[in-house]
Amino acid sequence: MARLVVTGTPGVGKTTIALELSRIYGAALIKLDELITPTLKWDPELQTYIITNEDYARRLIMERLSSIHSQYIIDTIAVNLIDPSLVDWCIVLRLEPTQLMRRLIARGWPYCKIVENVLAEVVGSSLTMAINTFGEDKIIEVDTTNKDVESIVKYIVDKLREGRPIIGVVDWLNTVDTEFLVNLSKEIDNCITR
Ligand code: ADP
Ligand code: MG
């Protein structure tokens, strides 16, 4: 039985991959954002939704997941809201930061929101959060860079079958062009001090 979380920085491909996995396993697809909508409020300054009541959000998630007695795939950034006892594996999708930046620009997001998220990918925030929530033993980290959806999904299915955790597949700080990183940190400075 697979009770999976698919996480990662916005734009890495969570929704796309979670949908494919749910088809393959015949599993329920849970979009966490939709589940916790009653607790979300748009913050115009941060240009994002914030959770107004974390306890309530946790409760909504707990109730929904406990009611499913088969497999499910959860699509989310907010892994910290999920009780680890309800999850077997957490798939952390990674994407080379310049490619991620292109995807977020294509989404038409405000520049500062793009920079913030690309930096989060550079330092691996989503991986850290997943490890903190579920522990290293439940993590399968996947580098999706230059791979099509089909090969990513096949890779994940293979790794789930092997049943061993995988961490440390990318190191963007040492692979991404230094100038790109320096510019990002300058941009985030501008965004913060604005
Ligand atoms: P997330 O849910 O993590 O924000 P999405 O699944 O919405 O990401 O994907 C972001 C964009 O990238 C979408 O336009 C999607 O079609 C595209 N995409 C997702 N996976 C891939 C891939 N492996 N190769 C190319 N484009 C992809
Ligand atoms: Mg999504």
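I checked glutamine 47 to begin with: it counts as exposed because it has 12 C-beta neighbours inside 10 Å. My cut-offs: a residue is buried with 20 or more other C-beta atoms within 10 Å of its own, exposed with 12 or fewer, and partly exposed in between, with C-beta atoms placed from the backbone. I note that this is a predicted model, where local features need pLDDT of at least 70 and side-chain atom pairs count only at pLDDT 80 or more, while totals for chains, interfaces and linings use all residues. Residues are numbered from 1 along each chain as its sequence is written, and chains are lettered from A and ligands numbered from 1 in the order in which they are written.

Where does glutamine 47 sit? I found glutamine 47 in the loop between β3 (40-43) and β4 (48-51). (Helices are DSSP runs of H or I, at least four residues; strands are runs of E, at least two; numbering goes from the N terminus.) Its phi is positive, near 55°, and it isn't a glycine. Most residues other than glycine have a negative phi.

Next I looked up asparagine 146, another non-glycine with a positive phi, about 60°. I located asparagine 146 in the loop between β7 (139-143) and α7 (149-162). Asparagine 146 is exposed, since 9 other C-beta atoms lie within 10 Å.

Then, ligand 1. Which element gives the most to its shell? That's α1, with three residues. Of the 14 residues around ligand 1 (C-beta atom, placed from the backbone, within 6 Å), those that come nearest include Gly13 and Lys14.
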